[in-house]
Amino acid sequence: MSRLLDLLEEERRKLNQLGEASLKQAIPLWDNPAVQEQSRRVDELVARVSEMKAKHSRVARK
């Protein structure tokens with residue numbers, strides 16, 4: 001899971017960089033396809049981390 005968390009942090013950094021660049025260019029975040037695509041990647045990773053944590057929590061309770 002550590003690798004997944006590292007990947008999530010890297011993708012979040014990329015999203016932040018894209019967002020900052022977009023705002024500096026006065027491009028709304030919702031109008032920037034690169035920002036939207038990166039946001040979807042981050043959302044997918046967050047969902048995967050949540051699923052793994054839930055599975056781990058269920059196994060730990062048994």
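In the chain, 58% of the contacts with a separation of 6 or more are formed by residues 24 or more positions apart, where contact means heavy atoms within 4.5 Å. The structure is a predicted model, in which local features need pLDDT of at least 70 and side-chain atom pairs count only at pLDDT 80 or more, while totals for chains, interfaces and linings use all residues. Residues are numbered from 1 along each chain as its sequence is written, and side-chain values use heavy atoms, with hydrogens and water left out.

The chain contains two helices and zero strands. Helices (H or I, at least four residues) and strands (E, at least two) are DSSP runs, numbered from the N terminus. Along the principal axes, the C-alpha atoms fill a box of roughly 50 × 20 × 10 Å. The radius of gyration of the chain is 15 Å, whereas a compact globule of 62 residues would have a value near 11 Å. This radius is taken over C-alpha atoms, and the globule rule is 2.2 Å times the number of residues to the power 0.38.

Of the 62 residues, 18% are buried. A residue is termed buried under 20% relative accessible area, exposed over 50%, and partly exposed in between (1.4 Å probe, protein chains only).

In soluble globular proteins, nonpolar side chains tend to be buried together. A nonpolar core is defined as a set of buried Ala, Val, Leu, Ile, Met, Phe, Trp, Tyr and Cys residues joined through side-chain atoms within 4.5 Å. The largest such core in the chain consists of five residues, namely Leu-4, Leu-8, Val-42, Leu-45 and Val-49. Helix H1 (2-24) and helix H2 (33-61) each contribute at least two residues to this core, and H2 gives the most, with three. When residues up to four places away in sequence are not counted, Leu-4 touches Leu-45, Arg-48, Val-49 and Met-52.

Val-42 belongs to helix H2 and counts as buried because its relative accessible area is 6%. Beyond its neighbours within four places in sequence, Val-42 is in contact with Leu-8, Glu-11, Arg-12 and Leu-15. The C-alpha atoms of Val-42 and Arg-13 are separated by 9.8 Å, although the two residues are 29 residues apart along the chain.

Glu-11, found in helix H1, also counts as buried, because its relative accessibility is 9%. Its contacts, leaving aside neighbours within four places in sequence, are with Gln-38, Arg-41, Val-42 and Leu-45. Between the C-alpha atoms of Glu-11 and Arg-48, the separation is 13 Å. Arg-48 is found in helix H2 and is classed as partly exposed because its relative accessibility is 47%. The C-alpha atoms of Arg-48 and Leu-5, 43 residues apart along the chain, are separated by 9.8 Å.

Ala-26 lies in the loop between H1 and H2. Its phi is near 60 degrees, a positive value in a residue other than glycine. Ala-26 counts as exposed because its relative accessible area is 68%.
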